[in-house]
Every structure is written in structure tokens, then in C-alpha cells.
Amino acid sequence: MKFSLKTRDIAIIGIMSAILITVQVALAFLPNIELVSLIIIISTLVFKWKTLYIIYIFVLVEGLIYGFTTYWICYLYVWTILMFFTILFKKNRSPFFWAILSGTFGLSFGLLCSIPYLFIGGVPLAISTFIVGIPFDIAHCIGNYVIALTLFKPLYNLLNWTKKNLLTQ
């Protein structure tokens, strides 16, 4: 793995981070309906390990916008987990596969985000936080599934075409 960054890489990382922040803020009025998961999946498929930079700039700016609260702690690892699962299955280009992965990630989001509560209030707080969030996790699952099934192919093709035709010159 080569982690050196060129000026072009820094520009791509900045643009992709800005896109993540923009779509997250723009859709913040919808409970757990988001494009961030799909964009992280597609960014990982196209830009590979450089997506780590995109994720952590996004997480830092999220903290600056909304505050460095408990949810922010889970953002430090949940998006990276999604990136690692994407790398694990990187050869797959089926929108159906990525819709299932994205939906599963949405469904497990509350469980993953309950981990900090183990340290704050113990097992009872973590379990109660997870249980209270189940309706939101179900909405997150359905939203992620539909969005990925609908937008995976066009967004992947667009980003891949952009990388090959505009970013390699």
C-alpha cells in the first residue's frame, strides 16, 4: 500500500469530503435517510485507501458542525468499518449486492453506535440505547437499501469515469 499524496489526491479528498458533508447536511431533516454510506462505498471502490482521509475529514467537520458528542465517537469507527467491508468485497459490482451491504450497515448502525455507551453507563445503557434506536435503524436499513439499489451504478460509473478521464491527466 502506498500512502503518498499528490496535489491531485489532496484536491480529490477535499472535494469528496465536501460532497459527504453537503449531502449529510442537506438530508439531515430526514431521520436516518442518508447518502453518506453509498458515497463511502463508491469512494472506497474508486479511490481505495485514500477514502480514510475522506472519512476522517468528514468526521472532523461533522464534529465542528454538530459538536463532539457521543455520536461523534461512533463516527470515528463506523464509517471505517463500512470502508473495510467494501475493501473486502471490492471486486463485486452488483448494485443488488451493495444495496444489501448498505442496508445491513444501516440496520447495524445503532448496535455499532451503542458501543461507547458500554463505557459511559455499562451494559444496561448500551442495550437500552440500542433498543430505543431500532425503529431508526429499520428506516436507515430501508433507506440505504433503496438508495444504493437506485444510485450505485450511475454514481459508481460517474466517479470511475471522472477518475479515468479527468483525474489522470
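**Group meeting talk: helices, core and loops**

Let me start with Lys48, which sits in the loop between α2 and α3. Helices here are DSSP runs of H or I with at least four residues, strands are E runs of at least two, and both are numbered from the N terminus. This is a predicted model, where local features need pLDDT of at least 70 and side-chain atom pairs count only at pLDDT 80 or more, while totals for chains, interfaces and linings use all residues. Residues are numbered from 1 along each chain as its sequence is written, and side-chain values use heavy atoms, with hydrogens and water left out.

Back to Lys48. Its phi is near 55 degrees, a positive value in a residue other than glycine. With a relative accessibility of 45%, Lys48 counts as partly exposed. The cut-offs are these: buried is under 20% relative accessible area, exposed is over 50%, and partly exposed is in between, using a 1.4 Å probe and protein chains only.

Asn32 also has a positive phi in a residue other than glycine, near 60 degrees. Asn32 belongs to the loop between α1 and α2, and at 27% relative accessibility it is partly exposed.

Now the salt bridges. How many does the count come to? One, where the rule asks for a side-chain nitrogen of Lys or Arg within 4 Å of a carboxyl oxygen of Asp or Glu. The partners are Asp9 and Lys50, at 3.5 Å from N to O. They link distant parts of the chain, since Asp9 is in helix α1 and Lys50 is in the loop between α2 and α3, 41 residues apart. Asp9 is buried at a relative accessible area of 10%, whereas Lys50 is partly exposed at 26%.

Next, the core. A nonpolar core here means a set of buried Ala, Val, Leu, Ile, Met, Phe, Trp, Tyr and Cys residues joined through side-chain atoms within 4.5 Å. In soluble globular proteins, nonpolar side chains tend to be buried together. The largest core in this model has 40 residues, and the members that touch the most others are Ile40, Phe58, Tyr75, Val78, Trp79 and Phe152. Two or more residues each come from α1 (7-26), α2 (36-47), α3 (51-66), α4 (70-88), α5 (95-113) and α7 (134-165). Which element gives the most? That is α2, with nine residues.

Take Tyr75 from that list. Leaving out residues up to four places away in sequence, Tyr75 touches Phe58, Val59, Glu62 and Phe109; contact means heavy atoms within 4.5 Å.

Thr80 is in helix α4 and is buried, with a relative accessible area of 9%. Apart from neighbours within four places in sequence, Thr80 contacts Leu52, Ile55 and Tyr56.

On to helix packing. Axes are lines fitted to C-alpha atoms, for helices over the stretch in contact, and angles run from 0 to 180 degrees between N-to-C directions. Under 35 degrees counts as roughly parallel, over 145 as roughly antiparallel, 65 to 115 as roughly perpendicular, and the rest as oblique.

The axes of α4 and α6 come within 9 Å and cross at roughly 140 degrees. That makes α4 oblique to α6. The α4 side of the contact consists of Thr70, Ile73, Cys74 and Tyr77, and the α6 side of Ile115, Pro116, Tyr117 and Ile120.

Helix α6 spans residues 115-132, and its axis comes within 4 Å of that of α7, with a crossing angle of roughly 50 degrees. These two helices, α6 and α7, are therefore oblique to each other. From α6, Phe130, Ile131 and Val132 meet Ile134, Pro135, Phe136 and Asp137 of α7.

Also in α6 is Ala126, which is buried at 6% relative accessibility. Beyond residues up to four places away in sequence, Ala126 touches Ser114, Tyr117 and Leu118. Ala126 and Lys48 are 78 residues apart along the chain, and their C-alpha atoms are separated by 33 Å.

For contrast, take Asn157 in helix α7. Asn157 and Val46 are 111 residues apart in sequence, but 9.7 Å apart from C-alpha to C-alpha. Asn157 is partly exposed, with a relative accessible area of 41%.

Last item, the cysteines. The count of disulfides comes to zero, taking a disulfide as a pair of cysteine sulfur atoms within 2.5 Å. Cys74 is buried at 1% relative accessible area, and Cys113 is buried at 14%.
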